[in-house]
Amino acid sequence: MSSVYFLLDAILNLYSWLVIIAVILSWLVGFGVVNRSNQLVRMFYEASWRLTEPAFNYVRRYLPNLGGLDISPIIILLAIFFLRSLLREYWPINF
């Protein structure tokens, strides 16, 4: 049973890092630091966008319009941290 816990915890941890990477990549592209015409940059940007955008869109549906400020990654990260804390609290493992 503990292997399921560690698998869920690792998946949530990886997804939180993916959200952070997606945000940083979007800032770098937005500020013109990196160019999406580069094939390597485009590959990483597309992969991070395809993996995080469904979750971001789900959260954006319920958020009010904040005038160009997108706080959906923050909400997603808070939800991931809450789920990881909940797993640690209620999973029957003696550490």
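Reply: Start with the terms for helix packing. Axes are lines fitted to C-alpha atoms, for helices over the stretch in contact, and angles run from 0 to 180 degrees between N-to-C directions. Helices (H or I, at least four residues) and strands (E, at least two) are DSSP runs, numbered from the N terminus. This is a predicted model: local features need pLDDT of at least 70, side-chain atom pairs count only at pLDDT 80 or more, and totals for chains, interfaces and linings use all residues. Residues are numbered from 1 along each chain as its sequence is written, and side-chain values use heavy atoms, with hydrogens and water left out.

Me: What makes α2 and α3 roughly perpendicular?

Reply: The crossing angle. The axes of α2 (residues 39-60) and α3 (residues 72-90) cross at roughly 100° and come within 9 Å. Angles under 35 degrees count as roughly parallel, over 145 as roughly antiparallel, 65 to 115 as roughly perpendicular and the rest as oblique. The pair is therefore roughly perpendicular.

Me: Which residues of α2 and α3 meet?

Reply: Contact means heavy atoms within 4.5 Å. From α2 come A55, F56, V59 and R60; from α3 come S72, P73, I75 and I76. The residues of this contact divide into six nonpolar, one polar and one charged. Here Ala, Val, Leu, Ile, Met, Phe, Trp, Tyr, Cys and Pro count as nonpolar, Asp, Glu, Lys and Arg as charged, and the others, Gly among them, as polar.

Me: Why is R84 called buried?

Reply: Buried means under 20% relative accessible area, exposed over 50%, and partly exposed in between (1.4 Å probe, protein chains only). R84 has 14% relative accessibility, so it counts as buried. R84 is found in α3. Leaving aside neighbours within four places in sequence, R84 is in contact with D9, L12 and N13.

Me: And L12, what does it touch?

Reply: Not counting residues up to four places away in sequence, L12 touches I80, L83, R84 and L87. L12 is also one of the buried residues of α1, among them Y5, D9 and S16. What covers the buried residues of α1 includes α2 and α3.

Me: What makes up the largest nonpolar core?

Reply: A nonpolar core is a set of buried Ala, Val, Leu, Ile, Met, Phe, Trp, Tyr and Cys residues joined through side-chain atoms within 4.5 Å. The largest one has eleven residues: Y5, L12, V19, F56, V59, I76, L77, I80, L87, W91 and I93. The elements giving two or more residues to this core are α1 (2-30), α2 and α3. The largest share, four residues, comes from α3.

Me: How do you know that the span of α1 agrees with its length?

Reply: The expected span of a helix is 1.5 Å times one less than its number of residues. With 29 residues, α1 should span 42 Å; its end C-alpha atoms are 42 Å apart, so the two agree. Just after α1, G32 takes a positive phi of about 80°.

Me: Why is I71 called partly exposed?

Reply: Its relative accessible area is 24%, so I71 is partly exposed. I71 sits in the loop between α2 and α3. Leaving aside neighbours within four places in sequence, I71 is in contact with L63 and L66.

Me: What makes S37 and L7 exposed?

Reply: S37 has a relative accessible area of 54%, so S37 is exposed. L7 has 51%, so L7 is exposed. S37 lies in the loop between α1 and α2, whereas L7 is in α1.
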